[in-house]
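Below is a brief report on one chain.

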Amino acid sequence: MAPKLKDKQQKPPPPPMEDLFATLNGHIEQLEFEKAVKVADQVLSIAPGDEDAIKCKVVGLIKDDKTKEALSVIRSCKNPSLDFSFFKAYCLYRENELDEALKSLKSQETTPAAMLLEAQILFRLGKFDACIDIYQKLQKSKVDLLDTNYVASLVAAGRASEVQVEAFRGKAKSSFELAFNTACSLIESNKYTDAEQFLLLARTTGREVLLEDGAAEDEIETELAPIAVQLAYVQQLLGHRQEALEAYTHIIKSDVGDELSLAVAVNNLIALRSPKDVSDGLKKLDRLKQKDDKQSFHLTAKLDSKLSPKQKESIYVTRVLLLLHANKMDQARELVAALPDMFPESVMPVLLQAALFVRENKAGKAEEVLAQFSEKFPEKSKVFLLARAQVAAAASHPHIAAESLSKIPDIQHMPATVATLVSLKERAGDIDGAAAVLDAAINWWSNSMTEDNKLNVLMQEAASFKLRHGREEEASRLYEELVKSHGSVEALVGLVTTVARVDVKKAEAYAQKLKPLPGLKGINVDNLEKTSGAKHEEGVSQVKVAETYEGKSKSKAKKKRKRKPRYPKGFDPANPGPPPDPERWLPKRERSSYRPKRKDKRAAAQVRGSQGSVARDKHEAGATSSNAKSNQAATSKGASQNSVAEPSKTSSKSRKKSRN
């Protein structure tokens, strides 16, 4: 008989749709998004075009931080009735495709959620002013974390002075993020002590909130790591160097913070240390770069997307400076060449390029590059011209340095600039140009209505300069103006000494205005001129002024006090014994009693070796001795190499022990 065929196992029927949606709703309420996505897939296997199931799947994937998968689901959906533009924009924002995210938002209705997302995208793009405008429009709507994001945008835009600290003081006690951002605004306003108080408040509030949420201790440390880094930065700004070093080192070694906090701590620690720790600094920065790039330096994708442009630029600048200190010119040159594309709006790539040329002893090339960029970007020319002046002054090119400073009009009248220009023109031999700089500065301050007027200082220095270079008439004119306007005693003294070279009677007339010095009434000038002057006494550090009184007085010479000599213990001055050897401090070879040792002449005549050896001629003996010396030298080199190689093994073992 033929065997009976077994009945094929039939698949169980799918559960009803009502049950699947009930299960899906339960997973969403329990925040079990991974399970919710699986149930949504079951619904879609039964009803492929179900709109609710597709929406639940997209939201579940976004909540589960699987934005790439959510983006692929949105792009594969062909249902025109489903509008996923907002979710698509959010996924693109999370994937750092910011321009595409903005395009996706254009088709979205203007809702508070869409405006908030647009502001976050603009913040990431570095368009802070446009971001602030959106937050100001959202002030009337009740949006979570609006104040926190608004303060962060003001700080990033360089408008920290617009932050109303007192208005946020009460809210900061319930939101540690707002307290942290308010502290950042105070740091930008150079109010470091107030910033420290807000950071301490943020740390206390954050710990309380996280403990209420049931977070573990390591999670709390990770969440509060940015506050710890910012506290260390405030300590650094307040001048507490050691406290800042310890805080940065603890954050890096414990490795409890997020990647962003670690990057900021590493950069600040390197900046705080001296250039002697160059190799250690390069190793620490290597932790921040992509592992695939062994030669070049590129930040990881997470750091590149989350760090602000200012923070990223600071890290790259630190890397270049370390490479310059380490004399790794090829790597520095490669990184400097890549920076203009990364930061096209910044001046730092140009300054680093100039620094590279200076390091390579090409100061002329650095001056040329800085001059080109100052002409190409007039709005940023001040930085380039100041750097060019510094490079030229250090390279002993005073005329180029003076020319660079002269092209910055808004600092020409400042005393520091005037002093630098005068010094540079003096070094270049342009005395007329230096005098013209002083005259222009005096003219500017004469017409200035500022409270902190520097006219008195500049006129005093100009008069001294002109007197030093033989321009007595101009110097006397300046001193005369100073005496009339300010009545300065120093100016009156300068006027008397200057006019005395030209007009003695006029100098005597001005000298009458000087107050008489006390104690000089009885001095006879004629007798004083006949004296030979004060005698120089050795060992006298201060100048003694002898007071003369009217009438003749005999000066009694002071008797020097005789002191008994101090003898060593047990020494009898009555029986001193034999005098010490006068040659006791000379080397033995230089003493008269020195006799060199005699050489044993018999040793040269002896023949040593095995029995039956025959004495060779002098030529062979000389050759043999030279070969012996060369062999001995080679052996000594080998021994020294072995002696150097041995300790390295010991040090590696000690490192292993220290790790354990």
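## Buried residues and helix pairs

H413 is buried, with a relative accessible area of 13%. Buried means under 20% relative accessible area, exposed over 50%, and partly exposed in between (1.4 Å probe, protein chains only). H413 lies in the loop between α24 (398-406) and α25 (415-427). Leaving out residues up to four places away in sequence, H413 touches V418, W444, W445 and L458. Contact means heavy atoms within 4.5 Å.

This is a predicted model: local features need pLDDT of at least 70, side-chain atom pairs count only at pLDDT 80 or more, and totals for chains, interfaces and linings use all residues. Residues are numbered from 1 along each chain as its sequence is written, and side-chain values use heavy atoms, with hydrogens and water left out.

Two other buried residues follow. L138 sits in the loop between α8 (128-137) and α9 (146-156). L138 has a relative accessible area of 3% and is buried. Neighbours within four places in sequence aside, L138 is in contact with P112, M115, L116 and L146. G281 belongs to helix α17 (residues 278-286). Helices (H or I, at least four residues) and strands (E, at least two) are DSSP runs, numbered from the N terminus. G281 is buried too, with a relative accessible area of 3%. Its contacts, apart from neighbours within four places in sequence, are I270 and L322.

The table gives one C-alpha pair for each of these two residues.

| Pair | Separation in sequence | C-alpha to C-alpha distance |
|---|---|---|
| G281 and A271 | 10 residues | 9.2 Å |
| L138 and L116 | 22 residues | 8.2 Å |

Now the helix pairs. Two packed helices are described by the angle between their axes and the distance between the axes. Axes are lines fitted to C-alpha atoms, for helices over the stretch in contact, and angles run from 0 to 180 degrees between N-to-C directions.

Take helix α1 (residues 17-29) and helix α2 (residues 33-46). Their axes come within 8 Å and cross at roughly 160°. That makes α1 roughly antiparallel to α2. Angles over 145 degrees count as roughly antiparallel, under 35 as roughly parallel, 65 to 115 as roughly perpendicular and the rest as oblique. The crossing of α1 past α2 is left-handed. A crossing is left-handed if the near helix is turned anticlockwise from the far one by less than a right angle, and right-handed if clockwise. From α1, M17, L20, F21, T23, L24, H27 and I28 meet K35, A36, V39, A40, Q42, V43 and I46 of α2. By class, this contact has 10 nonpolar, three polar and one charged residues.

Helix α28 (residues 472-485) has 14 residues. From first C-alpha to last it reaches 20 Å, close to the 20 Å expected at 1.5 Å a residue. Buried residues in α28 are A475, S476, L478, Y479, E480, L482 and V483.

What is the angle between the axes of α28 and helix α29 (residues 489-499)? The axes cross at roughly 150° and come within 9 Å. The two helices are therefore roughly antiparallel to each other. α28 passes α29 in a left-handed crossing. E472, A475, S476, Y479, E480, L482 and V483 of α28 make the contact with A491, L492, G494, L495, T498 and V499 of α29. Its residues divide into eight nonpolar, three polar and two charged.

Last, the totals. The chain has 33 helices and zero strands. Of its 660 residues, 33% count as buried. Among contacts with a separation of 6 or more, 46% come from residues 24 or more positions apart.

How values were computed:
The expected span of a helix is 1.5 Å times one less than its number of residues. Ala, Val, Leu, Ile, Met, Phe, Trp, Tyr, Cys and Pro count as nonpolar, Asp, Glu, Lys and Arg as charged, and the others, Gly among them, as polar.
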